[in-house]
Amino acid sequence: STNTRPDAPPFQLRRDGTKNFVGRDGEIEQLDEQLYQAGTLAITAIEGMGGIGKTELALQYAINARRNEKYPGGICWIDVRGKDIADEIIDFASNYLSFVPPDNQTPEKQVEICWNLWSSLFKENKLLILDDVADYTQIYGYLPPYDPSLKVIITTRLRLDKVNIQSLILEVLKDVDALNLLKKLIGEQRVQRELEQAKELCNWVGNLPLGLT
């Protein structure tokens with residue numbers, strides 16, 4: 001199929017970040033360091049825990065990175081849960097790289113062609129985020145071929161250490177950060193007025209960002 005170089009690098013984020021993002025500055029820095037060492041990083045959680053903010057951390061990292069032009073070759077966000085991942089990646093190539101791979105190839109091969117095209121069109125640093133991976137076999141055949149300029153973040157409840165992917169394990173928020181999040185959600189005055197109840201509430205939801213929200 002015909003292919004013309006797009007005017008601009010692809011930026012597919014698909015959602016806005018929350019304005020109530022607190023207590024994760026250290027994790028953002030750690031994520032950046034680990035990602036640059038390893039190339040592929042899984043943001044995971046204390047065993048099997050939902051609502052801890054894995055997706056939000058990846059999203060805030062991507063939004064900041066875009067603002068600071070850290071990935072001039074583009075950013076691609078793929079929602080994995082409940083989706084056909086090959087279709088999602090081919091849609092990305094079609095929408096942002098003006099390219100549709102030949103349909104006489106296997107889905108894995110089509111996806112590989114899309115990743116190779118992105119790498120050949122934009123040699124600068126690029127970021128791929130695969131959000132909410134429930135099962136490693138969902139993504140295994142669709143990960144990009146090795147390209148040192150393409151960094152990959154996976155958000156998941158799984159531990160992927162066994163497949164040589166480095167993990168950043170998110171803990172629940174510290175007490176002070178959980179209280180700060182509550183202040184952002186319902187106002188400083190109300191939290192100060194009912195401080196003991198506010199602390200009890202944070203404790204009751206286990207300092208989980210989603211629980212507090």
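This report describes a predicted model of a protein chain, from its overall make-up to single residues.

## Basis of the model

The model is predicted, so local features are given only at pLDDT of at least 70 and side-chain atom pairs count only at pLDDT 80 or more, while totals for chains, interfaces and linings use all residues. Residues are numbered from 1 along each chain as its sequence is written, and side-chain values use heavy atoms, with hydrogens and water left out.

## Overall make-up

The protein chain has nine helices and six strands. These elements are DSSP runs numbered from the N terminus, with helices (H or I) of at least four residues and strands (E) of at least two. Along its principal axes, the C-alpha trace spans about 65 × 35 × 30 Å.

Of the 213 residues in the protein chain, 44% are buried. Buried means under 20% relative accessible area, exposed means over 50%, and partly exposed lies in between, with a 1.4 Å probe and protein chains only. A contact means heavy atoms within 4.5 Å. Among contacts between residues at least 6 apart in sequence, 75% join residues at least 24 apart.

## Helices α1 and α2

Two packed helices are described by the angle between their axes and the distance between the axes. Helix α1 (residues 25-38) packs with helix α2 (residues 54-67) at an angle of about 75 degrees, and their axes are 10 Å apart. That makes α1 roughly perpendicular to α2. Axes are lines fitted to C-alpha atoms, for helices over the stretch in contact, and angles between N-to-C directions run from 0 to 180 degrees. Angles of 65 to 115 degrees count as roughly perpendicular, under 35 as roughly parallel, over 145 as roughly antiparallel, and the rest as oblique.

On the α1 side, the contact is made by Glu-27, Ile-28, Leu-31, Asp-32, Leu-35 and Tyr-36, and on the α2 side by Leu-57, Gln-60 and Tyr-61. By class, this contact has six nonpolar, one polar and two charged residues. Ala, Val, Leu, Ile, Met, Phe, Trp, Tyr, Cys and Pro count as nonpolar, Asp, Glu, Lys and Arg as charged, and the others, Gly among them, as polar.

## Aromatic pairs

A pair of aromatic rings is described by the distance of the centres and the angle of the planes. Rings of Phe, Tyr and Trp (its six-membered ring) pair if their centres lie within 6.5 Å; planes under 30 degrees apart count as stacked, over 60 as edge-to-face and the rest as tilted. By this rule there are seven aromatic pairs. Tyr-36 and Tyr-71 form a tilted pair, 6.4 Å centre to centre with 35 degrees between the planes. Tyr-36 lies in helix α1 and Tyr-71 in the loop between α2 and β3 (75-79), so this pair ties together parts that are 35 residues apart in sequence. Tyr-36 is partly exposed at 33% relative accessibility, whereas Tyr-71 is buried at 2%.

The rings of Phe-92 and Trp-118 have centres 5.3 Å apart and planes at 65 degrees, so the pair is edge-to-face. Because Phe-92 lies in helix α3 (residues 85-97) and Trp-118 in helix α4 (residues 107-121), the pair ties together parts that are 26 residues apart in sequence. Phe-92 is buried, with a relative accessible area of 1%, and Trp-118 is buried at 0%. Phe-92 and Trp-118 form one aromatic cluster with Tyr-96 and Trp-115.

## Charges over rings

A charge sits over a ring if NZ of Lys or CZ of Arg is within 6 Å of the ring centre and within 35 degrees of the ring normal. The charged end of Arg-66 sits over the ring of Phe-11, 4.0 Å from its centre. The ring of Tyr-36 has the charged end of Lys-151 over it, 4.6 Å from the ring centre.

## Single residues

Asp-131 lies in strand β4 (residues 126-133) and is buried, with a relative accessible area of 4%. Not counting residues up to four places away in sequence, Asp-131 touches Arg-15, Thr-55, Trp-77, Ile-78, Asp-79, Val-80, Arg-81 and Thr-155. Asp-132 is also found in strand β4; it is partly exposed at 25% relative accessibility, and its phi is positive, near 70 degrees, in a residue other than glycine.

Glu-69 is exposed, with a relative accessible area of 65%.
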